Amino acid sequence: MSKVWVLGAGQLGAMLRHAAMPLGVDVEPVDIEQPFAVEMSPNDVVTAEREQWPETGATVQLANHPHFLNREVFPRLADRFTQKQLLDELQIATAPWQLVGQDTQAATLYERLGDTVLLKRRTGGYDGRGQFWLKQAEGTKVPEGWHNEAIAEKKIPFDEEVSLVGARDAEGNLYFYPLALNLHVNGILMASVAPLARLEALQSEAEQMLGKLLDSLDYVGVMAMECFRVGDHLMVNELAPRVHNSGHWTQAGASISQFEYHVRAVAGLPMAPAIVKGQSVMINLIGVEKQDAWLSVPSAELYWYGKEVRVGRKVGHINLTNSDLPALQQSLQALQPMFPVPYPQVFEWVENALN
Ligand code: ATP
Ligand code: MG
Ligand code: MG
């Protein structure tokens, strides 16, 4: 049986491997800094858990394999400039933007995009890193070293943030989960809730947007689309050509998780519609020490990534799924006292989302 190699060996790679195990599919994440060559067969397939990587012995070997899927998609989406161009080309709504060129002055950006403008580094940013707010009232200038390296976006006064995770197989069949409602604090995802009846009205618009992207890229596997809800419509914030944090709830809340979907799609296995099992909540563990007491809470499913705990670092997540809403709410109430600041506001947000 052929192997699925994963470029990158972080938590996403580990969870792909974990999901593939019951299928009898051998998934092997490869650290980008791995010093020795891997023994690959021509029938193997290669996928990635990250959209960008430095050139190392390991990444060159994996990326040059003839069955590296979605090869051209990664550089295109990893650069916010070409990602935004793609969205514009496909006429998919996104925050108005422009490239911060060599000669682009803040004044031009204020004139075109409004008095508060968000600069985002073209590559490498995540968890809100690589972003810089320009404020006309404070006379902020484009920082040194950001010319040609960033795009500028209009500040969107969104109502809330949602995301759609979808999968496409090699025959072009599409599979989508229900939209997830996401809470970001300081640019970092803290919690997701799915499904939500009140988001159903946005589901078909979201599926059309992501479906168009997946088809136009002839993409195989799982992709995530982060959106802003502005009134009754969606605007794409950004795309991730991989399994995504806002889809982690599917590990507990769907008959086929996003990780299994990705493995099935890239390995050419049959796909099927994922059945949603109940109400799900995902709480990200950001800079908190592991507590065994979490395990005492009914329906709490812990994923601990085994990383060193640092402030602001994603070190795990907890999924909760229950078809009995009051029971789920009770579990959340039991968990809440086990968390430090700013988690009280996260649990409060979740509680409100469920009401
Ligand atoms: P991720 O960890 O999801 O990859 P990231 O660092 O790539 O995040 P974005 O998703 O682009 O960054 O932005 C992070 C957060 O900043 C968004 O979830 C949203 O809360 C806020 N944000 C981004 N763009 C805008 C915008 N144009 N207007 C207002 N808020 C924004
Ligand atoms: Mg991002
Ligand atoms: Mg994001």
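Colleague: V6 stands opposite P29 in β2. What makes β1 and β2 a pair?

Modeller: This is a predicted model, where local features need pLDDT of at least 70, side-chain atom pairs count only at pLDDT 80 or more, and totals for chains, interfaces and linings use all residues. Residues are numbered from 1 along each chain as its sequence is written, while chains are lettered from A and ligands numbered from 1 in the order in which they are written. Two strands pair if DSSP finds at least two bridges between them. Strand β1 (residues 4-7) and β2 have four bridges, in the parallel sense. So they pair.

Colleague: Why are β2 and β3 called edge strands?

Modeller: The open sheet runs β2-β1-β3, with parallel pairing. β2 (27-30) and β3 (45-48) each have a single partner strand, so one side of each lacks a neighbour in the sheet.

Colleague: Which residues of α9 are buried?

Modeller: L328, S331, L332 and L335. Buried means 20 or more other C-beta atoms within 10 Å of the residue's own; exposed means 12 or fewer; in between is partly exposed; C-beta atoms are placed from the backbone.

Colleague: Why are they said to be on the same side of α9?

Modeller: Their arc, taken from the directions from helix axis to C-beta atoms, is only 100°, which puts them on the same side. On the other side, P326 and Q333 are exposed.

Terms used
Helix = DSSP H or I, 4+ residues; strand = E, 2+ residues; numbered from the N terminus.
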